[in-house]
Amino acid sequence: MAKPPLMANELTELTVGLNRLARNLWWTWNQEAQEIFSELSPRGWQNLYHNAVAVLHEISDYELKVRLQDHDFADRVRRVLQHFQAYLNEKNTWAAQHAPQFSAHPVAYFCAEFGFHETLPIAAGGLGVLAGDHAKAASDLGLGFVGISLFYREGYFQQAINQDNWQTEYYANLNPRNLPMEPVLDARGEPLIGMVEIAMSEVFFRAWRVNVGRCAVYLLDTNLPENEPHFRDLTLRVYGGDSTTRIMQEILLGVGGVRLLRSLGIQPSVFHMNEGHAAFLTLELIREKMAAGALFADALAATRQECLFTTHTPVEAGHDRFSQDLMSYVGQKFLHNLHLTLPELMSLGRVHPEDPKEPFCMTVLALKCSRAANAVSELHGQVSRRMWHCLYPDRTVDEVPIGHITNGIHLLGWMKGPVRRFWRRKLTSVVEAAPSGGETTSFWVQKPPANWEEQINDPAFWSKMLDPNFITDEEIWALRYRLRRELIEFARRRLLIQGQRFTQRDFIEYDQLLNPDALTIGFARRFATYKRAPLIFQQFDNIVKLCKDKSRPIQFIFAGKAHPRDDEGKRFIQHIIHLSKYSDLKGHLVFIENYDVHVARQMVSGCDIWLNNPRRPLEASGTSGQKAGCHGCLNLSIMDGWWREGYDGTNGFAIGDDSHPDNVEEQDRRDAENLYKVLTTQVIPCFYNRDSSGLPRKWIQMIRRAMATLVPKYTTWRMVQEYVEKYYKTH
């Protein structure tokens, strides 16, 4: 018997619910929600960067109500909305049990960039992606958390490769109406306006709220008619402009962020500075206390107890430094409000306060004004303690107060759709049963995937990967083949689009590019020179032979952006693309342009090997390789950052040992040799060593070990819990 049509009130409830859901990034880590938006407009979903808000703008209210008369579709929408509401309303969270004090007084997390999803491209790289994953995990765990950043209306640049194989940059305006964000309004329903003083000017800003599950991240925006044009453009681009633009952005982030929180009535218990860009918030906190009558020294001491600092940069040049003249120009209000002279202000950001030639360093300010500081891996902690030992001359290097918490990833946010569905089907439990003979046995039975988010982050679930009765070798290998095929077809589509801009001299038969049976090695990240993207090709002739080996072929997929002012990084890109088009590697090496979160997700899932060869110890942590494990992709990496802690000899491949020469040229030479050696003596033989069934049993066993030992450990669930216990709580 046919079901009756939905009533008007039911349709309204579902349409309102979908619009509310589209403006909460929870859907970016919920597969069923994504499938609903995709089904509404498959082409729109693909062409609009998988943007739920933009898709709903493509659908008229009438069409949406008509589509919802499909009872199956309406039931799926209803289930997703119920799941979403249950998530928002959940009271029995990890934080409710372990950190309830942050509910009323949340953690305020400041970062110059947040990378949530390809929909909102306002992050330049790993720092922003980590911040986005931190927010998602805080939401899942129920932690009181609020983020502060800037809304860059042109975002980070879009990359295009020209006919000379040179990276070019272009920018596109981001329209808030089509993004998963909403304006922050005052009691009258008007945009809430704040103000910061920069130089001799008042700079006004508004704010946008990004809903990240249960948490909010606020983005400050100076594109207001009240501001002079150059101040309107402060929030134009991520890390745009020169040092003057940078310091003004950082005043807006730090000072403006604190003032916004006060305007919203939010009283944080902790101010967490993720990198030094936000360190000016400490001066605003000191100003508040002095305005209430405190002396500077007392205000500084009290502020120090409120602040935490995470450093991500093991390179001296990566820390923001500003000249005394620039500080004098932009910081007049700091001097006035804090009752400081210019030398006294400069001393807050100097290692040697008495040195008039030393610039003002944001990291030094953050370290001096925080109760605790941490690096983002064990080795990075060692590097950071050596780097900043000069600030603590009365202590040994080991006593420098910089600890570490190793970075992680938001597992569900990075898990590709087919893999989410695969693991969801696999959520099982052991049941004891008594057969007719009376002897009790254990066996696996299927169980409804309740509490999916918790179970997929539980080490107990991933430990089951070692049990062939839970998941067979055949299932793992079938999944790997599906994911490699999807990546290759994705690469072919993208490369066809790239190639259509050029003449026939660059003609490539895109449907024949890459081999779905070949060992596929991926490299995708920022093209900073220390990451040494072309290192593998130092053994060029030998690599060509490996690629053309008909019985054991290998192939490479590269992607990544160089900073617009990094010509050396651009030359790396140009070199690799040239090899992909005009050398004997043609057809075995490709470069996918315009690297973003979407491209990253395709690559970490589809590659067999995730290659990482930075110049040690310059990789503070790295997280791209952590995203590979749940997809069955294995790491091949220098012993740097997180991999130095994660590698155990059975769960991937190490390039070299836990050491490195001091000489850069010698390090590059040795690492190139070790990379080729490991590739030819371990990786390729293991991948192609097949049994009579055609399965690489040892390779699959290594996948099992990687899943069991790495996936549940290197997550932001674990990371945020560590921040709570080690740093957020005052004990």
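Let me begin with disulfides, defined here as pairs of cysteine sulfur atoms within 2.5 Å. By this rule, the count is zero. C390 is in no disulfide, and the nearest cysteine sulfur, that of C361, is 9.4 Å away. C390 is partly exposed, at a relative accessible area of 37%. On this scale, buried means under 20% relative accessible area, exposed means over 50%, and partly exposed lies in between, with a 1.4 Å probe and protein chains only. What is the distance from the sulfur of C630 to the closest cysteine sulfur? The distance is 9.9 Å, to the sulfur of C633, which is too far for a bond. C630 counts as buried, with a relative accessibility of 1%.

A word on the source. This is a predicted model, in which local features need pLDDT of at least 70 and side-chain atom pairs count only at pLDDT 80 or more, while totals for chains, interfaces and linings use all residues. Residues are numbered from 1 along each chain as its sequence is written, and side-chain values use heavy atoms, with hydrogens and water left out.

I turn to salt bridges. The criterion is a side-chain nitrogen of Lys or Arg within 4 Å of a carboxyl oxygen of Asp or Glu. How many salt bridges does this rule give? The count comes to 43.

One of them joins D75 to K3, with the closest N and O atoms 3.6 Å apart. This pair links distant parts of the chain: D75 belongs to helix α6 (residues 71–89), K3 to the segment before α1 (8–22), and 72 residues separate the two. Helices (H or I, at least four residues) and strands (E, at least two) are DSSP runs, numbered from the N terminus. D75 is partly exposed at 24% relative accessible area, whereas K3 counts as exposed at 51%.

A second example is R262 with E288, where the closest N and O atoms are 2.7 Å apart. R262 lies in helix α10 (residues 243–263) and E288 in helix α11 (residues 281–291), so the pair ties together parts that are 26 residues apart in sequence. R262 is partly exposed, at 25%, and E288 also counts as partly exposed, at 21%.

E673 and R669 form a salt bridge at 2.8 Å, N to O. Both residues lie in helix α27 (residues 664–688), four residues apart, or about one turn of the helix. E673 counts as partly exposed at 41% relative accessibility, and R669 as partly exposed at 38%.

Six strands form an open, parallel sheet in the order β19-β18-β17-β20-β21-β22. Its edge strands, each pairing on one side only, are β19 (589–592) and β22 (653–655). Two strands pair if DSSP finds at least two bridges between them. Neighbouring strands are turned by 20 degrees against each other on average, direction ignored. Axes are lines fitted to C-alpha atoms, for helices over the stretch in contact, and angles run from 0 to 180 degrees between N-to-C directions.

Within this sheet, β20 (residues 609–612) and β21 (residues 634–638) pair in the parallel sense over four bridges. W610 stands opposite N635 in β21. Which strands does helix α25 (residues 597–606) lie across? They are β17 (519–524), β18 (554–559), β19 and β20, and the helix runs at about 160 degrees to β18. Contact, in this setting, means heavy atoms within 4.5 Å.
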